[in-house]
Amino acid sequence: MAKTQTTFFCKNCGASSPKWVGKCNSCGEWNTYTEEVIHKDKPEYKKTWKAQSTKSVLKPVLLADVEHGIDFRYELKDLELSRVLGGGIVPGSVILIGGEPGIGKSTLMLQIALQFQNKKVLYISGEESDTQIKMRAERLPFRNNDCYLFTETSTQKIGKALQELQPDIVVIDSIQTLQSELIDSTPGSISQIKETAGDLIRFAKETGTPVFLIGHITKDGALAGPKLLEHMVDTVLQFEGDRNHVYRILLTTKNRFGSTSEIGIYEMHGEGLREVSNPSEILISQRDENLSGIAISATIEGLRPLLIETQALVSTAAYGTPQRNSNGYDAKRLNMLLAILEKKCGLRMGMQDVFINITGGLRVEDPGIDLGVIAAIVSSYQNVPIDNKITFIGEVGLSGEIRAVSRIEQRISEAEKLGFTTVYISKFNKLPKQKSNITIVELSKLEEMLNYLFG
Ligand code: TYD
Ligand code: MG
């Protein structure tokens, strides 16, 4: 029997070392090395992954001489995923989709696989049996007669199946269950993930077949496996949401073929995931009466305007140090806004606990919602509700000035479409002279807004 060979791998960057080291020489992280068993003595599989015809580039070529590629993409029926990917799937691209257990990754990918017509899709699962997948598929309202299942975890066997079947699209559920027979370490270990992902990426690039990889995430929310995996693939998607709520959000954290600012929104129901094409309606809570501490802002996610609701609770701090808690909005920015309110508007925020929540589980980074956040905070502080037909759009600067934001017309027209009657914006936002039915209140300083709202 061959002698067991072990190597140490860095959990962060995937670098290896023959002995344990405290600090990784390649990425500088501490305490990231773990020991894994490897040994390579099964060379008969070596060639399985070679594609039949490889156009190998033998020498460097001039960029100007490279033929124009046609910008061809596989069209998707699912418009949310299509938008997140930058307008369809690029042939040969490898897309990693991560998310918590039970969030709906397998459901989403099976649903995508079944939505293709006249395309051979191979769904490889190392997690569920054929019958389990069939049961799930029967709940979904889509049918694709060219969808194949393969419940296998050995990449060598998968490689053979791919060569025989020659699918148009491949889904792997999940990368952590795959195992290369050339390596002895357990599935999900760093060396296995590096090896199996490397094989699949090579397959995708050589044959031009798009490959979706489902990935697990660790308890602190990062994709499990080496960071290197995220560097290797073309696109990294994150499927998020609260398991107790029906809404799910698909985010891009990396995309070689499109913007990373797009989001897709889904609703989980009895028959799989339904696309939510008008998210503003669901992000604003239904209420009959005006409540204090609630303000609506118009933001932009990618190319899409969205109306979101900020809820604030301000109450006198019971202990010496007031608490600040923020859900969906940057906590540092919240502290900054509170300091501005204290210094420029004379509100005693230093004595108050402040809690902020963006409804719908969304995380918003657009500073254009600052004005709405401030309005919600002051509304709760004064216990005076804001009229629910008002929308706020504006960034707040350090001296309390209200600054212009991008794509103002789109934001205003989204507010108008949803029946809002008044919008508060910065007076520095240049608006085209256009007749609209919505009342536009132009402001330059925070005090002006607070005077309008709370007198
Ligand atoms: P799943 O896709 O298995 O999650 P993941 O692969 O990310 O672990 O999703 C499982 C959850 O989805 C499960 O809690 C049940 C729910 N679900 C529905 O609500 N409706 C459906 O039609 C399906 C298929 C799943
Ligand atoms: Mg799953």
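**Close-up views of a predicted chain**

View 1. Helices here are DSSP runs of H or I with at least four residues, strands are E runs of at least two, and both are numbered from the N terminus. This is a predicted model, so local features need pLDDT of at least 70 and side-chain atom pairs 80 or more, while totals for chains, interfaces and linings use all residues. Residues are numbered from 1 along each chain as its sequence is written, chains are lettered from A and ligands numbered from 1 in the order written, and side-chain values use heavy atoms, leaving out hydrogens and water. The C-alpha trace spans about 85 × 50 × 50 Å along its principal axes. Of the 455 residues, 49% are buried (under 20% relative accessible area; exposed is over 50%, partly exposed in between; 1.4 Å probe, protein chains only).

**View 2. Leu-337, sitting in helix H8 (residues 331–345).** Leu-337 has 0% relative accessibility, so it counts as buried. Skip the neighbours within four places in sequence, and Leu-337 is in contact (heavy atoms within 4.5 Å) with Tyr-329, Asp-370, Val-373, Ile-374 and Val-396. Met-349 is twelve residues from Leu-337 in sequence, and their C-alpha atoms are 10.0 Å apart.

**View 3. Val-66, in the loop between strand S3 (33–38) and helix H1 (79–84).** With a relative accessible area of 44%, Val-66 is partly exposed.
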